[in-house]
Amino acid sequence: MTETSKSKYFNITLLRHGESVGNAESRWQGQADFPLTDTGRSQARALAERWKRERVKFDFVISSPLSRARETAEIVASQLGLKVEFEPLLMERDNGEFSGLTAHEVRQNFQHPDFTNPYDPVGTDGEGDWELFLRAGQALHELLKREPARYLIVSHGGLLNQLMHAVVGIIPQAHNSGTRFRFENTSFAQVNYNPNHHRWMIDKLNDHAHWQDAE
């Protein structure tokens, strides 16, 4: 019997990708495929070195297939001697017509209503908050169908924010209000789940102590 099959708990680390070209240029990235910057790669290497020093162990690494998440996952996994699986459910929000545009371009070229509800699309035809929440919940559900083990999930700020909402049971609110879970570049949250008692424990949020070690 393997070590992972003996575990009764899911230990889940939720990691946002390193700084991307889209981040550096203040773009609405969505599912547009921007690579990491040199800073983003340094952040990922610093995190990998930190986890090696701390002897952090994972059994599985599962990543969004978008370049900025994939490269982050591969940098970390290579340092820890692990392979990366890819899951399209972990991709960032589909931002519709906003995808790839700068914040200035979005402000200048689109109308912005005084009020929005969670079911309204983003970027004319992209995923609204409710749709993204449902996809994040589906990603979480698919993960919990697997064996209890130590999982590293590499994804994006918007998706991870809604995944945390699914964990704590908070549905999206109108007009982008309510609780937000901060995920800065290569910051991570750590949660544990006991499926026999349906009990979640949140151990860490927005941890990025390794930034000081990034080159």
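Start by selecting Arg68, which sits in helix H4. Helices here are DSSP runs of H or I with at least four residues, strands are E runs of at least two, and both are numbered from the N terminus. The model is predicted: local features need pLDDT of at least 70, side-chain atom pairs count only at pLDDT 80 or more, and totals for chains, interfaces and linings use all residues. Residues are numbered from 1 along each chain as its sequence is written, and side-chain values use heavy atoms, without hydrogens or water.

**Around Arg68**

Arg68 is buried (under 20% relative accessible area; exposed is over 50%, partly exposed in between; 1.4 Å probe, protein chains only). Arg68 has no salt bridge (a side-chain nitrogen of Lys or Arg within 4 Å of a carboxyl oxygen of Asp or Glu). Show Asp33: this nearest side chain of opposite charge is 4.8 Å away. Lys and Arg count as positive, Asp and Glu as negative; His and the chain ends are not counted. Now display the contacts (heavy atoms within 4.5 Å). Leaving out residues up to four places away in sequence, Arg68 touches His17, Ser20, Gln29 and Glu92, among others.

**Along H4**

Select residues 67-80. H4 has 14 residues and reaches 20 Å from first C-alpha to last, close to the 20 Å expected (1.5 Å times one less than the number of residues). Its buried residues include Ala69, Thr72, Ile75 and Val76. Colour their packing partners: strands S1 (10-16), S2 (60-63), S3 (84-86) and S4 (150-155), plus helix H3 (38-53). Just after H4, stop at Gly81, with a positive phi of about 70°.

**Last stop**

Go to Ile202 in strand S6 (residues 199-207). Ile202 is partly exposed, at 39% relative accessible area.
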